[in-house]
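Please keep the sequence and the model in view while reading.

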Amino acid sequence: MSNATAPKTVLIAPDKFKGSLTAGEVADALATGLRSVGAVRCELLPLADGGDGSVDAAVTSGFARHGCTVSGPTGQPAQASIAFDGATAVVEVANTCGLGLLPDGRLLPLDASSRGFGEAVLFALSLRPARIVLALGGSASTDGGMGMLTALGFRFLDASGRSLDGNGRNLGLVHSVLGTLLSGLAETELIVASDVHNPLCGPDGAPAVFGPQKGASLADVAALDAGLMHFVSVLASVGFEDAASVAEHPGAGSAGGIGFACMLLGASQVSGADYFLDLLDFDTRKDSCDLVVTGEGSIDEQTLAGKLPAAVARRSGTRPIIAVAGRSLLRQERWSEMSLSHVYTLAGYTDLDSSKDPVLSADLLRRIGREIGEGLGRLGGL
């Protein structure tokens with residue numbers, strides 16, 4: 001810890017505020033407010049947990065950004081990017097086939113495809129990485145990774161021998177599978193970075209839990225669940241003998257079942273939050289700070305279950321920790337479960353909905369940053 005007269009060092013390590021600001025924009029706004037009070041040194045560490053922003057987080061840590069054109073979730077060309085440091089490539093679902101790429105924001109639960117993600121993986125393979133980190137948050141599709149596998153060289157045929165596009169609508173039509181695993185993929189370590197623990201099918205599976213968020217009706221959920229079960233049985237019959245057991249594995253339901261396809265290809269699974277904290281050298285960065293500020297769009301029960309702010313809090317040791325969020329559904333008496341000194345919310349400063357208003361969100365974060373800075377003189381009592 002620094003002495004009482006030295007500038008205080010604040011590590012600002014937030015996740016994105018979904019729908020409003022990127023993690024980098026959140027960190028910048030908080031830092032502007034903190035610096036406005038004088039003797040405050042800010043270290044900015046925008047974070048990701050395997051969802052959207054994972055490539056940006058890797059670039060922040062020193063990876064190079066490589067652009068590529070892929071098929072968006074409805075087949076339209078999309079400009080995506082991956083991160084690469086010479087050994088590890090980071091590829092994310094969100095910027096290749098995510099919800100944010102749907103034309104006009106129109107949800108297409110049966111027709112959205114994960115093909116673009118597979119195309120980005122192919123592009124990453126062209127750089128000859130030792131490993132590829134597969135960041136699975138933010139998908140628009142529930143296709144069990146069928147689209148991704150199509151991009152990676154597999155062909156799915158219906159009963160008449162017609163090739164099928166990889167999407168949720170076609171899962172139940174798959175009759176046979178052609179193709180083999182690309183040699184380059186077989187020689188590359190695959191790592192799934194995700195904190196989703198749902199299986200592929202059933203009441204806790206991808207369609208039931210995440211399908212409605214992607215626009216699926218009750219009938220769509222039932223059709224997708226049945227389609228995925230059929231898809232698993234066909235894959236098991238054509239040589240993927242462990243398909244059924246992989247489908248039941250925690251995390252198989254991540255990203256509409258892309259997690260299932262990745263595990264089927266031999267990917268190992270790690271906590272997205274902890275992986276990116278390690279990647280960005282969080283433990284070293286926090287050792288030189290007096291205060292850690294973290295946050296995300298909503299602090300709630302899911303946060304306590306292991307989302308990024310909880311991982312940050314757990315790894316911050318005895319340092320004071322403040323959380324900033326768009327809203328908080330946790331009562332103050334539960335802050336101690338994350339060792340939080342205080343929780344600031346944008347909702348506490350305005351009656352307006354800031355969740356879709358980047359300008360308002362940034363203004364409020366600057367105000368909160370200033371208030372945090374003004375309290376640094378009372379650091380022990382935060």
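The model is predicted, so to speak of local features a pLDDT of at least 70 is needed, side-chain atom pairs count only at pLDDT 80 or more, and totals for chains, interfaces and linings use all residues. Residues are numbered from 1 along each chain as its sequence is written, and side-chain values use heavy atoms, with hydrogens and water left out.

Six strands form an open sheet in the order 3-4-5-6-9-10, with mixed pairing. At its edges stand strand 3 (64-71) and strand 10 (268-270); each has a single partner strand, so one side of each lacks a neighbour in the sheet. From one strand to the next, the twist averages 30°. Strands (E, at least two residues) and helices (H or I, at least four residues) are DSSP runs numbered from the N terminus, and two strands pair if DSSP finds at least two bridges between them. Strands of a sheet pair through backbone hydrogen bonds, either parallel or antiparallel.

**Parallel pairs**

| Pair | Bridges | Opposite residues |
|---|---|---|
| Strand 9 and strand 10 | three bridges | Ile191 and Ser268 |
| Strand 11 (residues 291-299) and strand 12 | seven bridges | Thr294 and Ala323 |
| Strand 12 and strand 13 (residues 340-345) | five bridges | Ala325 and Thr345 |

Four of the five residues of strand 9 are buried, and the strand is mostly covered; buried means under 20% relative accessible area, exposed over 50%, and partly exposed in between, with a 1.4 Å probe and protein chains only.

Strand 12 (residues 321-328) has six buried residues out of eight, so it is largely enclosed by the rest of the structure.

**Helices across the sheet**

Helix 4 (residues 115-125) lies across strand 3, strand 4 (77-84), strand 5 (88-92) and strand 6, and runs at about 135° to strand 3. Helix 11 (residues 272-279) lies across strand 5, strand 6, strand 9 and strand 10, at about 115° to strand 9. Contact means heavy atoms within 4.5 Å. Axes are lines fitted to C-alpha atoms, for helices over the stretch in contact, and angles run from 0 to 180 degrees between N-to-C directions.
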